[in-house]
Amino acid sequence: MRFGCCTNWFGQDGADKFALLDHRLTVLDNAGYDFAELAVGMLTADLSDDDYSRLVKLTSDHQVSVDAFNVFVPAQYPLVGEQRDLAGALSHVDLTADRMAGLGGRFVVFGSGGARRAPEGTDPETASAHILEFIDKAAPLLKSRGITMVLEHLNRRETNTINSVTEAKSLLAQISHDNVKLLADYYHMLVEGEGLEVLDDTEGQLMHVHVADEGRVRPGAGGADFLALRDHLSQAGYKGGVSVECRFENFEAEAPVTLEFLRSVWA
């Protein structure tokens with residue numbers, strides 16, 4: 001099993017963002033993580049070509065690879081409803097797909113709760129149709145760069161569409177693109193009370209996993225049953241990456257302990 005961790009250069013006002021990311025990737029290197037999962041928001045048009053080249057150099061200097069990206073479509077490009085901006089979203093995909101590929105990215109996580117939130121009064125069929133249209137048009141743009149989109153379910157506190165693995169699997173069944181697959185997020189499953197048995201028949205569909213403990217603390221710091229998660233992923237024949245997506249109180253101290261915990265679970 002390959003273990004990764006989500007990080008970025010956001011969240012510290014006034015800091016040199018490159019120095020901040022360099023430090024965080026060094027922490028992951030020293031801890032022994034296999035990969036980092038960065039945010040697509042780092043790669044928008046606001047990032048100059050010169051700064052992008054600097055970012056490529058920075059990441060290449062680290063042992064961890066950059067396998068995956070999350071926070072795919074920002075809320076400024078709504079995907080559902082009468083005010084949706086499909087053209088703007090696809091332009092964003094076209095730009096950032098090039099940049100993800102240039103950093104070695106193989107997966108992009110389509111969670112994007114703000115962008116895919118359905119306005120009040122939108123019927124579920126329309127919401128699904130709009131999300132499917134975006135996926136249908138975005139998938140070829142990603143495939144041409146060698147990137148797979150993984151569909152993430154989010155709990156109902158974060159969005160009002162695709163709130164379970166079961167719903168994500170149902171939507172995936174309507175998609176013909178071979179570079180659109182499933183993500184399982186243990187934290188969102190815990191919040192929604194969705195049983196792990198929904199993962200058992202996902203072989204060939206499941207391509208990425210996010211983990212956090214109850215309350216979105218680091219894995220091992222809460223009461224979630226990670227041994228059960230391991231067993232159900234094994235039942236599904238899962239051999240992909242497991243990426244930590246949690247709220248760290250102290251990244252430097254907690255990231256290494258988290259990896260030790262996950263390795264002990266999968267030992």
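1. Buried here means under 20% relative accessible area, exposed means over 50%, and partly exposed is in between (1.4 Å probe, protein chains only). With that in hand, Cys-246 counts as buried, at a relative accessible area of 17%. A quick word on the ground rules: this is a predicted model, where local features need pLDDT of at least 70 and side-chain atom pairs count only at pLDDT 80 or more, while totals for chains, interfaces and linings use all residues. Residues are numbered from 1 along each chain as its sequence is written, and side-chain values use heavy atoms, with hydrogens and water left out.

2. Overall shape. The protein chain has eight helices and eight strands; helices (H or I, at least four residues) and strands (E, at least two) are DSSP runs, numbered from the N terminus. For 267 residues a compact globule would have a radius of gyration near 18 Å, and the chain comes in at 18 Å, which agrees. That radius is taken over C-alpha atoms, and the globule rule is 2.2 Å times the number of residues to the power 0.38. Along its principal axes the C-alpha trace spans about 45 × 45 × 30 Å. Of the 267 residues, 53% count as buried.

3. Contacts along the chain. A contact is heavy atoms within 4.5 Å. Taking contacts between residues at least 6 apart in sequence, 80% join residues at least 24 apart.

4. Ala-68. This residue sits in strand 3 (residues 65-70) and is buried, with 0% relative accessible area. Leaving aside residues up to four places away in sequence, Ala-68 touches Ala-36, Glu-37, Leu-38, Phe-107 and His-208. Its C-alpha atom is 8.2 Å from that of Phe-35, a residue 33 places away along the chain.

5. Helix 4. Residues 124-143 make up helix 4, and His-130 is in it. At 1.5 Å a residue, its 20 residues should span 28 Å, and the end C-alpha atoms are 28 Å apart, which agrees; the expected span is 1.5 Å times one less than the number of residues. Asp-123 caps the N-terminal end, with a side-chain oxygen 3.1 Å from the backbone nitrogen of Glu-125. The buried residues of helix 4 include Ala-127, Ile-131, Phe-134 and Leu-142. Among the elements covering the buried residues are helix 3, strand 4 (107-110) and strand 6 (180-185).

6. His-130, buried or exposed? At 14% relative accessibility, His-130 counts as buried. Not counting residues up to four places away in sequence, His-130 touches Leu-79, Val-80, Gly-81 and Arg-84.

7. Helix 8. The 15 residues of helix 8 (residues 251-265) should span 21 Å at 1.5 Å a residue, and the end C-alpha atoms are 21 Å apart, which agrees. Phe-251, Glu-254, Ala-255, Thr-258, Leu-259, Leu-262 and Val-265 are buried in this helix. They cover an arc of only 135 degrees around the axis, which puts them on the same side of helix 8; the arc is that of the directions from the helix axis to the C-beta atoms. As background, an α-helix has 3.6 residues a turn, so residues three or four places apart point the same way. The cover over the buried residues of helix 8 includes strand 1 (2-6), helix 1 (17-31) and strand 7 (206-211). At the start of the helix, a side-chain oxygen of Asn-250 reaches to within 3.2 Å of the backbone nitrogen of Glu-252.

8. Two backbone spots to look at. Val-71 has phi near 50 degrees, a positive value in a residue other than glycine. Val-71 is found in the loop between strand 3 and helix 3 (86-102) and counts as exposed, at 52% relative accessibility. Ile-162 has a positive phi of about 55 degrees, although it is not a glycine. The place of Ile-162 is the loop between strand 5 (148-152) and helix 5 (165-172), and at 7% relative accessibility Ile-162 counts as buried.

Terms used
A polar contact is a pair of N or O atoms within 3.5 Å; within protein, one must be able to donate a hydrogen and the other to accept it, and residues adjacent in sequence count only if both atoms are side-chain atoms.
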